[in-house]
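Take a first look at the fold below.

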Amino acid sequence: MLRRLLRTSLTLAAPSLRLQEKILAPSLDGKQVAVVPAINWFMKFSSGPAGGDSGSPGSRVAADSATHEDFQPTVKSSGFSLDDIVHQDVKENPVMIYMKGVPDAPRCGFSALAVKVLQQYGVPIGARDILSDLQLKESVKNYSKWPTFPQIFINGEFVGGSDIILSMHQKGELKDLLAGISSERKEADA
């Protein structure tokens, strides 16, 4: 059955394909059989309006489905640039962290450390995952003029990364900086 299927597919595809598109593979009886790689066979029958190669670049289906216009990612523009979004995040969130991952699932040790330190103060933490959007990552770097992540902003000001937050926590400086934010949250919850 397999041998017949291979011969049938070779009979259909082999005359129209170039010799270098074939590979030799052992058959069930141990003989070498010319086999057309699946992608070449697929490309032959999925190109052009009638299955043949019409020669125009737009009529050929590429192996990467993302190249066809129906599969292109769509970006809905809200009129805001990424720089505007970063500025708005920092302005609206008393504590904002741009990190690898999210607070519930950090994807690097430095991000996990920063979140753990900040969570000890019971403050609301705004966060964005910079790994999910590399353009956002570059916008944050440009905004803060700081190359590494995580990046923590408190009361609209860039404070630093996990090492700086940890140092401030150990010296008691972070408690003073976050004191107003903690009390604001308790008043809002009441």
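Helices and strands here are DSSP runs, numbered from the N terminus: a helix is H or I with at least four residues, and a strand is E with at least two. By that rule, the chain has seven helices and eight strands. This is a predicted model, where local features need pLDDT of at least 70 and side-chain atom pairs count only at pLDDT 80 or more, while totals for chains, interfaces and linings use all residues. Residues are numbered from 1 along each chain as its sequence is written, and side-chain values use heavy atoms, with hydrogens and water left out.

Start with the whole chain. A residue is buried under 20% relative accessible area, exposed over 50%, and partly exposed in between (1.4 Å probe, protein chains only). Of the 190 residues, 29% are buried. The accessible surface is about 12,600 Å², and carbon and sulfur atoms make up 56% of that surface. These areas come from the Shrake-Rupley method with a 1.4 Å probe; for residues, only the protein chains shown count as cover. Next, contacts. Two residues are in contact when heavy atoms lie within 4.5 Å. Among contacts with a separation of 6 or more, 51% link residues 24 or more positions apart.

Now go inside. A nonpolar core is a set of buried Ala, Val, Leu, Ile, Met, Phe, Trp, Tyr and Cys residues joined through side-chain atoms within 4.5 Å. The largest one has 17 residues. Which residues have the most contacts inside it? They are I152, I154, I165, L174 and L178. The elements giving two or more residues to this core are β3 (95-99), α4 (109-119), β7, α6 (162-171) and α7 (173-189). The largest share, four residues, comes from α4. Look at I165 for a close-up. Leaving aside residues up to four places away in sequence, I165 touches V117, I152, I154, V159 and L174. Another core lies apart from the largest one. This other core has nine residues, including V90, M96, Y98 and I130.

Turn to helix α3. Its buried residues are V86, D89 and V90. Seen down the axis of α3, they fall within an arc of 90°, so they line one face of the helix. That arc is taken from the directions from the helix axis to the C-beta atoms. What do these buried residues pack against? Their partners are β3, β6 (126-129), α5 and β7. The face turned away from the buried side carries the exposed residues K91 and E92. Q88 also lies in α3, which spans residues 82-92. Q88 is partly exposed, because its relative accessible area is 31%. Q88 and G156 are 68 residues apart along the chain, yet their C-alpha atoms are separated by 9.5 Å.

Finally, check the backbone. Where is P150 found? P150 is in the loop between α5 (134-144) and β7 (151-154). A cis peptide bond joins F149 and P150, with omega about 10°. K145 lies in the loop between α5 and β7. Its phi is positive, near 60°, though K145 is a residue other than glycine. Is K145 buried or exposed? K145 counts as exposed, because its relative accessibility is 69%. N155 is not a glycine either, and has a positive phi of about 55°. N155 lies in the loop between β7 and β8 (157-160). At 45% relative accessibility, N155 counts as partly exposed.
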